[in-house]
Amino acid sequence: MLVCIPKVLDASQLISVRERLDHANEGWVDGRVTAGYQGAPVKFNQQIDERSEVAHACQQIVVSALERHPMFISAVLPNTIYPPMFNRYGEGMKFGAHVDGSLRLHPRNGSKLRTDVSATLFLTNPQEYDGGELLIDDTFGRHSIKLEAGDMVVYPATSLHQVSPITRGTRTSCFFWVQSLIRDDNQRSLLYQMDTAIQRLNQTDADEVARRTLIGCYHNLIREWSDT
Ligand code: NI
């Protein structure tokens with residue numbers, strides 16, 4: 001399931017993150033430092049050293065926004081969020097087709113995280129650059145994603161994806177992975193649809209017994225399917 005989540009960051013959070021990143025200078029390093037054997041040959045971008053102060057400050061802003069975003073919680077059902085990373089692509093840079101690694105080591109405590117969901121939070125508006133689409137392949141074909149600054153796409157980490165070459169300007173974004181409470185994408189998708197329907201019912205004067213039963217089913221399915 002691919003979901004676009006609008007307004008993960010508000011205008012002031014966006015400015016705060018962008019100012020830190022735009023002034024990071026030597027904090028930007030070759031993106032291949034964190035690429036695995038599959039990604040390294042096709043990865044041509046820069047990213048912020050994930051242990052730097054700039055990274056920590058921006059991570060805090062993003063993670064606290066994620067934790068308060070109902071659509072993110074509903075669509076992803078996060079167990080563990082990998083500390084968000086930040087990258088940028090200048091003219092001529094790109095990231096060829098790859099599948100993200102299945103396991104990551106948490107940079108601070110060394111614990112293993114299974115990457116169930118991949119996320120890209122756009123930090124640059126589409127009119128600031130040409131090219132740079134995030135192309136995601138699934139069984140319905142190819143999706144070309146280029147969102148407003150502050151908006152985010154989440155998609156199954158099993159997907160083949162790439163970033164097309166930048167032909168003008170610079171594309172800055174935040175990316176990370178989530179280990180979900182619900183490992184299976186189909187189950188996660190069903191729960192998201194069910195929760196969305198329940199939220200809509202909550203806005204109506206729907207039959208209370210039916211509504212309560214549905215909410216019970218939603219929680220009991222999570223109990224049935226969740227990893228922890
Ligand atoms: Ni990737």
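Trainee: What should I keep in mind about the model and the numbering?

Mentor: This is a predicted model, where local features need pLDDT of at least 70, side-chain atom pairs count only at pLDDT 80 or more, and totals for chains, interfaces and linings use all residues. Residues are numbered from 1 along each chain as its sequence is written, and side-chain values use heavy atoms, with hydrogens and water left out.

Trainee: OK, how many cavities of 30 Å³ or more does a search of the whole structure find?

Mentor: The search finds one. A cavity here is a set of points on a 1 Å grid over the protein atoms alone where a 1.4 Å probe fits but cannot get out; a pocket is an open set with protein on both sides within 12 Å along at least five of seven lines; and lining residues have an atom within 4 Å of a point. Grid points are joined across faces, edges and corners, and a volume is the space filled by probe spheres set on the points.

Trainee: What classes of residue are in the lining of the largest cavity?

Mentor: There are seven nonpolar, no polar and two charged residues. The nonpolar class is Ala, Val, Leu, Ile, Met, Phe, Trp, Tyr, Cys and Pro, the charged class is Asp, Glu, Lys and Arg, and the others, Gly among them, count as polar.

Trainee: How do S7 and S15 run relative to each other, parallel or antiparallel?

Mentor: S7 and S15 run antiparallel and are joined by two bridges. Phenylalanine 95, for instance, has valine 163 in S15 as its bridge partner. Two strands pair if DSSP finds at least two bridges between them. The open sheet here has five strands in the order S3-S7-S15-S12-S13, with antiparallel pairing. Its edge strands, S3 (43-44) and S13 (141-145), each pair on one side only.

Trainee: Why does the second largest pocket lie between domain 1 and domain 2?

Mentor: Because domain 1 (3-180) and domain 2 (185-225) both give residues to its lining. The domain bounds come from an automatic or database domain assignment. The second largest pocket has about 280 Å³ of space. Of its 15 lining residues, Met1, Asp138, Phe140, Pro156 and Asp185 are the closest to its centre. By class, the lining has six nonpolar, six polar and three charged residues.

Trainee: Asp185 keeps turning up! What does aspartate 185 form with arginine 188?

Mentor: A salt bridge, with the closest N and O atoms 3.2 Å apart. The term means a side-chain nitrogen of Lys or Arg within 4 Å of a carboxyl oxygen of Asp or Glu. Both residues sit in helix H4, three residues apart, about one turn of the helix.

Trainee: Is arginine 188 buried or exposed?

Mentor: Arginine 188 counts as buried, at 2% relative accessibility, while aspartate 185 is partly exposed at 22%. Buried means under 20% relative accessible area, exposed over 50%, and partly exposed in between (1.4 Å probe, protein chains only).

Trainee: How many salt bridges does the count come to?

Mentor: The count is 10. One of them joins arginine 211 and glutamate 208 (3.1 Å, N to O). That pair lies in helix H5 (residues 208-225), also three residues apart. Arginine 211 is buried at 18% relative accessibility, and glutamate 208 is partly exposed at 36%.

Terms used: Helices (H or I, at least four residues) and strands (E, at least two) are DSSP runs, numbered from the N terminus.
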